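This briefing looks at pairs of charged side chains. Please have the sequence and the 3D structure at hand while reading.

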Amino acid sequence: MANVTLKDCKLQIRTRAGLLAGGKDKVKSLSLKGINHEAEAQRLLDVSNAFGTVIKNPVLEVLRVDENLISAE
């Protein structure tokens, strides 16, 4: 049977960095590694919004990315 273990957690903030030729958003990402895996969604959103006040590009979306290790027992 397989085991799943949380290895790392990061916060990814995607921003709008302009427009592409076809009119779609040009997206850039800012990643913060080492996020506490017990952090609540509202706190992560609050942190992302705070970053949004000091960076040039507007925030499009916020993702929490959990990296899991899958291994055999």
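Lys33 and Asp8 pair through their side chains in a salt bridge, with an N to O distance of 3.6 Å. Because Lys33 belongs to strand 2 (residues 25-33) and Asp8 to strand 1, this contact ties together parts that are 25 residues apart in sequence. The model is predicted. Over the whole structure, a search finds five salt bridges, including the one between Lys33 and Asp8.

Lys7 and Glu67
- A salt bridge joins Lys7 to Glu67, and their closest N and O atoms are 3.9 Å apart.
- Lys7 sits in strand 1 (residues 2-19) and Glu67 in strand 3 (residues 59-72), so the pair links parts that are 60 residues apart in sequence.

Arg16 and Asp25
- Arg16 and Asp25 also form a salt bridge, in which the closest N and O atoms are 3.0 Å apart.

Exposure of the paired residues
- Lys33 has a relative accessibility of 62% and counts as exposed.
- Lys7 is exposed as well, at 58% relative accessibility.
- Asp25 counts as partly exposed at 33% relative accessibility.
- Arg16 is likewise partly exposed, with a relative accessible area of 33%.

How values were computed:
Residues numbered from 1 in each chain as written. Predicted model: local features only at pLDDT ≥ 70, side-chain atom pairs only at ≥ 80, totals over all residues. Heavy atoms only, no water. Salt bridge = Lys/Arg side-chain N within 4 Å of Asp/Glu carboxyl O. Helix = DSSP H or I, 4+ residues; strand = E, 2+ residues; numbered from the N terminus. Buried < 20%, exposed > 50% of the residue type's maximum accessible area, 1.4 Å probe, protein only.
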